[in-house]
Amino acid sequence: MATDTLATPATLSDSQAKVFKNFIDGEWVESSSGETFENRNPADTRDLVGIFQKSNRDDVNAAVDAAKRAFAKWRLVPAPRRAEIVFRAAEILIERKEQYAREMTREMGKVLAETRGDVQEAIDAGYYNAGEGRRLFGPTVPSEMPNKFAMAVRQPIGICGMITPWNFPMAISSWKLLPAVVCGNTCVIKPAQDTPLSTFNLVRALYDAGLPKGVINVVAGFGSMVGTPLAEHPDVRAVSLTGSSEVGRIIGGIAAKSFKHCSLELGGKNPMIVLDDANLDLAIEGGLWGAFGTTGQRCTATSRMIVQKGVYREFVDRLVERAKKLKVGNGLDETVQMGPAINEKQLQTDLSYVEIGKNEGAKLVCGGNRLDQGEYARGWFMEPTVFIDVDPKMRIAQEEIFGPVVSIIPCDDLENAIEIANGIEYGLSSALYTKDVNKAFSAIRDLYAGITYINAPTIGAEVHLPFGGTKATGNGHREGGIGAIDFYTEWKSVYVDFSDKLQKAQIDRED
Ligand code: NAD
């Protein structure tokens with residue numbers, strides 16, 4: 001088996017299994033454990049995408065040391081210069097888009113159109129954050145005292161630890177790394193164990209664009225062996241996790257103990273409301289995309305459809321008819337519309353929720369079965385699945401499944417729909433289909449979620465608006481847009497007194 005080096009990017013796309021080392025201080029290094037793990041294609045487990053390091057605390061320590069050394073210099077590089085490297089990386093990603101998209105489909109299964117979109121999101125994040133390098137605005141305000149100047153400047157935090165999920169392996173890595181480095185931080189990232197390659201590909205583009213060694217370090221491996229030591233490391237000042245609410249509780253607890261900045265982007269159970277006056281063609285099209293795109297494995301997936309009684313029956317019949325026709329298969333086939341589950345464990349979870357739904361009394365009207373014959377025999381496939389007449393309190397309507405399983409819930413009116421929509425522990429995305437502008441604006445005000453779409457499904461975020469959610473979806477931070485710049489910088493207020501005398505704020509007043 002070949003081993004990878006930064007100097008030979010072309011070898012990455014070979015179909016032969018490669019050993020990918022960790023990337024620390026600009027060098028490819030083996031884990032000190034000497035152990036590795038396999039990354040296999042969930043559509044065809046015979047396809048070995050790569051072999052990655054099963055890293056441990058020692059590797060994390062080495063990566064943090066490298067980031068610490070790099071920070072001393074990187075923080076002094078002017079932000080517009082740092083941003084130019086990010087801009088060049090975006091240009092490189094354009095050239096490699098097809099290659100990286102194909103590698104992503106192989107490592108995590110979503111269809112090519114979507115993995116191209118994932119790489120495109122990293123490109124968009126590159127351009128956006130490159131622009132921010134020439135802004136990084138801070139307030140300059142009048143002082144309350146004469147001959148005194150008052151302003152606030154953004155400063156980097158230091159070393160940032162990032163832990164990412166597998167469902168948007170390049171996009172989510174880019175949401176974290178790109179604003180962090182533009183702001184002058186250095187980083188250690190632990191990609192999800194199911195999708196390390198796409199993070200390596202992103203970081204490769206950044207180094208090929210001229211990023212100095214040690215500014216970003218990649219340590220592959222598993223959550224408790226790499227993610228936990230990274231969050232615990234005393235030199236790591238900011239931790240950013242995207243993942244499940246369960247892991248968010250662990251990371252949030254660790255970060256709180258040493259007062260680290262901590263951004264948690266967690267689960268969702270996203271409602272799409274369809275009112276009687278909706279354009280049903282549009283709602284059905286959007287619902288299918290929202291529920292079954294990425295095999296339902298999006299934090300923003302449309303996992304609940306709350307449909308007003310006047311159109312309920314027609315909506316259900318037409319949606320189910322369409323869902324039954326979705327083409328499931330290997331995402332490398334351009335005609336396939338839905339790929340596999342990410343791994344066997346996720347597939348078993350999806351199937352277990354089918355049983356839970358049936359036992360709870362919901363009506364299964366589409367799918368529900370594993371696909372394991374013929375072309376499906378080597379992958380983790382299941383049918384697009386629809387439950388109807390779901391009670392909002394059922395587990396299938398409350399818990400994040402993270403698979404192609406949608407619950408359709410009848411509702412009386414907008415008020416009732418919003419009550420159902422808000423009646424869950426999460427608050428990530430939400431959607432409303434209506435032609436009534438008054439209802440649309442009422443819903444925008446009343447849906448307690450981080451994102452609301454009108455006449456579009458719950459998926460489709462753009463990189464320059466805040467991304468994140470309320471309640472168990474996070475801890476109040478947002479990725480994307482200026483929120484990320486806020487997270488990756490600390491404010492320093494600066495007062496310059498040119499009066500040549502001691503002036504006491506709040507005390508030296510004449511009244
Ligand atoms: P996960 O929580 O299992 O894993 C996320 C990351 O945390 C992985 O890198 C994993 O290795 C690591 N991890 C796991 N246990 C850990 C531990 N004890 N200590 C430190 N790190 C640990 O999530 P996943 O299965 O990779 O992704 C799916 C979840 O991510 C879903 O809940 C989904 O909603 C959520 N998600 C949220 C967003 C968002 O922006 N809100 C985006 C995508 C995915």
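Is K309 buried or exposed? I looked it up: K309 is exposed, with a relative accessible area of 52%. The scale I use calls a residue buried under 20% relative accessible area, exposed over 50%, and partly exposed in between (1.4 Å probe, protein chains only).

**Ground rules**

I am working on a predicted model, where local features need pLDDT of at least 70, side-chain atom pairs count only at pLDDT 80 or more, and totals for chains, interfaces and linings use all residues. Residues are numbered from 1 along each chain as its sequence is written, and side-chain values use heavy atoms, with hydrogens and water left out.

**Entry: K309 and its partner**

I stayed with K309. Its side chain meets that of D412 in a salt bridge, at 2.7 Å from N to O. For a salt bridge I need a side-chain nitrogen of Lys or Arg within 4 Å of a carboxyl oxygen of Asp or Glu. K309 sits in helix α9 and D412 in the loop between β20 (405-411) and α12 (414-422), so the pair ties together parts that are 103 residues apart in sequence. Helices (H or I, at least four residues) and strands (E, at least two) are DSSP runs, numbered from the N terminus. D412 is partly exposed, with a relative accessible area of 44%.

**Entry: other salt bridges**

How many salt bridges are there by this rule? I find a count of 28.

I picked E285 and R322 next. Their closest N and O atoms are 3.2 Å apart. E285 belongs to helix α8 (residues 280-292) and R322 to helix α9 (residues 309-324), 37 residues apart. E285 counts as partly exposed at 45% relative accessibility. R322 is partly exposed too, with a relative accessible area of 35%.

Then I turned to R69 and D25. Their side chains form a salt bridge of 3.0 Å, N to O. R69 is in helix α1 (residues 57-74), while D25 is in the loop between β3 (22-24) and β4 (27-29). The two are 44 residues apart. D25 counts as buried, at 17% relative accessibility.

**Entry: domains**

I marked domain 1 (17-266 + 474-492) and domain 2 (270-454). Their bounds come from an automatic or database domain assignment. Taken over C-alpha atoms, the centres of the two domains are separated by 31 Å. The contact between them takes 25 residues from domain 1 and 27 residues from domain 2. Contact here means heavy atoms within 4.5 Å.

**Entry: nonpolar cores**

A nonpolar core is a set of buried Ala, Val, Leu, Ile, Met, Phe, Trp, Tyr and Cys residues joined through side-chain atoms within 4.5 Å. The largest one has 103 residues. Those with the most contacts inside it are I216, V274, F292, F315, V386 and I408. Helix α2 (residues 79-108) gives the most to this core, with 12 residues. At least three residues come from each of domain 1 and domain 2.

What does V274 touch? I left aside its neighbours within four places in sequence. V274 is then in contact with L280, A283, I306, V307, Q308, V311, F315 and Y433.

A second, separate core has 29 residues, including I273, V390, I396 and V405.

**Entry: S174**

S174 lies in helix α4 (residues 171-182). It is buried, with a relative accessible area of 0%. Not counting residues up to four places away in sequence, S174 touches E121, A122, A125, P179 and L202.

**Entry: strands**

Strands of a sheet pair through backbone hydrogen bonds, either parallel or antiparallel. Two strands count as paired if DSSP finds at least two bridges between them.

I traced an open sheet of 3 strands in the order β7-β8-β25, with antiparallel pairing. β7 (140-142) and β25 (489-497) stand at the edges with a single partner strand each, so one side of each has no neighbour in the sheet. β7 is joined to β8 (residues 148-156) by 3 bridges. P142 has F149 in β8 as its bridge partner.

Last, I checked β12 (residues 236-242) and β13. They pair in the parallel sense over 5 bridges. T242 stands opposite E265 in β13. In strand β13 (residues 261-265), 4 of the 5 residues are buried, so the strand is largely enclosed by the rest of the structure.
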